[in-house]
Amino acid sequence: MSQDSAAAPTDIFTDNERWGDLADWHNTALELHSQGGLHRIEREGFDPFWAVIDHAAVLDIERQPELFTNGPEPVLANQWAISARQLEIKTLIHMDAPQHHLYRHLTSDWFKPASMRRLNDRLDELSREAVAKLETMGGTCDFATDISGPYPLQVILRILGLPESDYPRMLMLTQQLFGQEDPDMQRGEISPEMQAQIIGDFYNYFSTITAERRATPTDDLASLIANGLIDGDAMPDLETMGYYVIVATAGHDTTSSAMAGGLQALADNSDQLAKLQAHPELLNNAVEEMIRWTAPVRHFMRTAQADTEVLGHTIAKGDWLYLSYKAANIDPKVFTDPLRFNIERPNADRQISFGYGVHFCLGAQLARNELRSLFSHLVPRLASLELAGDPTTMKTTFVGGHKTLPIRYTLRF
Ligand code: HEM
């Protein structure tokens, strides 16, 4: 265990600027791994917390959801943000047993692999459109804004049964909610009023959808949410809104980031691209490696409900723990040569980017299918691929990846 000090490597957990340089972030996390799997972070403006970077310890904590709860603060926030918050939004991520189980159960079948297969035609259609768009763009584009940004949001619109014309509104709202720390993603200065306004926008928008789906139910996820019963009663408004919000936001920037990060990894590692082209059967493993490599959800928090121990250190009741999926995915005890992007990595599927246990990502299968579809259409067509400038990444400590990814490419016919 290391103690935090001024300008320490452990800034990588609290300082959103450190996320602007992912290579530096990775190197620093690797250095922290050599010092231990658990780090006490005491940073001005933040309640103290423990950063858990050890792969096995993250899994162990997630295996005990009653001892380590998501509530009351499942995402790292500074003291100012916590005290200034005006409107609590209640999503699956904010819930613990027994409420969490009841709410998750409402949609868990809908997200199962067999059920997700019915979206495959739509995913292939979007993948063909993405390649067609690249054909028309003359060999250069910003992959993050032109391809990987729009694709998952189109999928969200489809699963919620929303019209394509709602795309711009959803784009602004999902990026506002998840990109708030990054200066380029804000509508202006972050203020409690702004957060309340974003959530208010969502509230009005989804109130209309709820009324429509209650009047005329369809087979989309919005209908399931609008008409969902919890213990025989309709869901309260805040929880209904929370359900739309978690589906819309959790499925967008996460998947976009994995796609863009995956493409950059192929551009940076031309041997891996060539290998994937020669061996398309490696695609599923390549997608696992992309998801390990990108870990778009950088952390979630847990709160200890009793005195306990983690990696031999005493954790007191009420202590806050930061589960670093990003750092756990490069734990050298689990992944050999962890900073190497290797589509043949034998244990790539031990990545924990989707979390674990009772909160395991509901959209994991869908996200995998989206990446498989896109890369299965794109990779065989790429005659060349390289970066056309320096990519930029979101400066946020929660969910994020590329803001821009300029590429130069040629396509074969
Ligand atoms: C590469 C893409 C994605 C990544 C890396 C990701 C990651 C995560 C993580 C780390 C969690 C929390 C797990 C935990 O606490 O153990 C989560 C939860 C969740 N994700 Fe994803 N996700 C992705 C895509 C999606 C998609 C496409 C959807 C749906 C459209 C989705 C919906 C959800 C929901 C509803 C939850 C809350 C589950 C719960 O609390 O019970 N995610 N995701």
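User: What share of the contacts in the protein chain with a separation of 6 or more comes from residues 24 or more positions apart?

Analyst: This is a predicted model. Contacts here are heavy atoms within 4.5 Å. Among those with a separation of 6 or more, residues 24 or more positions apart account for 72%.

User: Which radius of gyration does the protein chain have, and what would a compact globule have?

Analyst: The chain holds 413 residues, so a compact globule would come out near 22 Å. The C-alpha atoms fill a box of roughly 60 × 60 × 40 Å along the principal axes. The radius of gyration agrees with the globule value: the protein chain has 21 Å.

User: How many helices and strands are there, and what part of the residues is buried?

Analyst: The protein chain has 18 helices and 15 strands. Buried means under 20% relative accessible area. Of the 413 residues, the buried part is 57%.

User: Is His 33 buried or exposed?

Analyst: His 33 is found in helix H2 (residues 22-35). Beyond its sequence neighbours, His 33 touches residues including Ile 53, Asp 54, Ala 327 and Pro 332. The cut-off for buried is under 20%. His 33 has 10% relative accessibility, so the call is buried.

User: Why is helix H9 described as largely enclosed by the rest of the structure?

Analyst: H9 spans residues 150-160. Its buried residues include Pro 150, Tyr 151, Leu 157 and Leu 160. H9 is followed by Gly 161, with a positive phi near 75°. H9 counts as largely enclosed because the buried residues number ten of the eleven.

User: Where does Glu 73 lie, and what is its relative accessible area?

Analyst: Glu 73 lies in the loop between strand E4 (68-69) and helix H4 (79-84). Apart from residues up to four places away in sequence, Glu 73 touches Ile 82, Arg 85, Met 301 and Trp 320. Glu 73 is buried, with a relative accessible area of 14%.

Definitions and conventions
Residues are numbered from 1 along each chain as its sequence is written. This is a predicted model: local features need pLDDT of at least 70, side-chain atom pairs count only at pLDDT 80 or more; totals for chains, interfaces and linings use all residues. Side-chain values use heavy atoms; hydrogens and water are left out. Helices (H or I, at least four residues) and strands (E, at least two) are DSSP runs, numbered from the N terminus. The radius of gyration is taken over C-alpha atoms; the globule rule is 2.2 Å times the number of residues to the power 0.38. Buried means under 20% relative accessible area, exposed over 50%, partly exposed in between (1.4 Å probe, protein chains only).
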